[in-house]
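Here are my notes on this entry. Please read them with the model open.

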Amino acid sequence: MEKGYLSEAFVSFQGEGLHVGRRQLFLRFAGCPLRCRYCDTPESLVRTNHFVVHADEPVILPNPVGLREVQRATELLDIRMGAVDGVALTGGEPLSQVDFLETLLLSGVLPRPRLLETAGVLTDELSRILSYIDVVSMDLKLPSNTGETQFWEEHEGFLKLAADKAYVKILVDEQTLEDEMYRATSIVQAAGNRIPVFLQPITDRRNRTAICPKRLATLFGIARTALQDVRVVPQTHKMLQVL
Ligand code: SF4
């Protein structure tokens with residue numbers, strides 16, 4: 001049985017994308033190959049020897065974890081049938097621990113639907129576990145926002161594979177380049193122009209959105225010209241001040 005590294009586990013309202021507003025179990029995986037400049041979960045980027053279960057009182061459990069510890073975390077969080085609308089497997093990058101992820105998915109300890117939140121670059125890893133996932137939330141990373149290298153080819157292959165189950169998030173702010181929005185749009189179009197796309201304004205440290213309405217409308221227009229389902233949705237969990 002494969003063990004893995006978590007950063008935290010909690011129950012909260014989904015604040016992003018297609019399932020916004022649903023109450024979900026969140027399992028945040030530790031470790032990520034990227035370093036996006038806007039990353040709002042820096043504590044999840046590296047693996048540590050413990051993770052936090054945000055129960056009524058925070059509980060610290062040791063890493064690496066196996067099924068028993070994940071089961072224990074769900075008990076501490078009082079997960080019952082009907083109490084949550086599925087699980088969000090988030091990070092970090094869950095696919096960077098694909099053996100552990102596969103163990104979890106095969107175990108039956110996770111409620112459904114199973115939502116995978118991913119940076120959308122690890123295509124081989126996705127192909128291993130895609131049949132056990134219900135929905136894929138794929139980030140399409142624009143270099144002008146992330147400060148990272150470009151991942152166009154990786155994103156292309158990843159989205160083609162995940163297309164039937166995917167929606168796409170594209171983070172935007174004043175620095176977002178229009179050329180990159182055109183490129184991102186063409187990648188989605190090639191995979192299927194009905195795939196829902198969420199433009200998600202980046203927030204600053206005070207949780208204020210860092211894009212003006214005019215710029216947002218311009219970027220929306222680029223995407224909407226080619227795609228059928230484009231929406232602007234900010235991170236609602238930050239407005240609610242929940243995890
Ligand atoms: S991919 Fe996600 S977790 Fe990794 S650095 Fe970027 S925003 Fe943070």
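Predicted model: local features only at pLDDT ≥ 70, side-chain atom pairs only at ≥ 80, totals over all residues.

The points below cover the sheet, a helix pair and the ligand shell.

1. Strand 3 (residues 50-54) and strand 4 run antiparallel. Five bridges join them. For a place to look, take V52, which stands opposite I60 in strand 4.

2. Helix pair. How do helix 5 and helix 6 lie to each other? Helix 5 spans residues 152-162 and helix 6 spans residues 178-191. They pack at an angle of about 25 degrees, with their axes 9 Å apart. Angles under 35 degrees count as roughly parallel, so helix 5 and helix 6 are roughly parallel to each other. The crossing of helix 5 past helix 6 is right-handed.

3. Helix contact. Helix 5 contributes W152, H155, E156, L159 and K160. Helix 6 contributes R183, I187, V188, A190 and A191. By class, this contact has six nonpolar, one polar and three charged residues.

4. Ligand shell. Which residues surround the ligand? They are C32, L34, R35, C36, C39, T41, S44, L45, G91, G92, E93 and A119. Six residues of this shell are nonpolar, four polar and two charged.

Note on methods. Residues numbered from 1 in each chain as written. Near = placed C-beta within 6 Å. Nonpolar A, V, L, I, M, F, W, Y, C, P; charged D, E, K, R; others polar. Pairing = 2+ DSSP bridges. Helix = DSSP H or I, 4+ residues; strand = E, 2+ residues; numbered from the N terminus. Axes fitted to C-alpha atoms, helices over the stretch in contact; angles between N-to-C directions. Parallel < 35°, antiparallel > 145°, perpendicular 65-115°, else oblique. Left-handed = near helix turned anticlockwise from the far one by under 90°. Contact = placed C-beta atoms within 7 Å.
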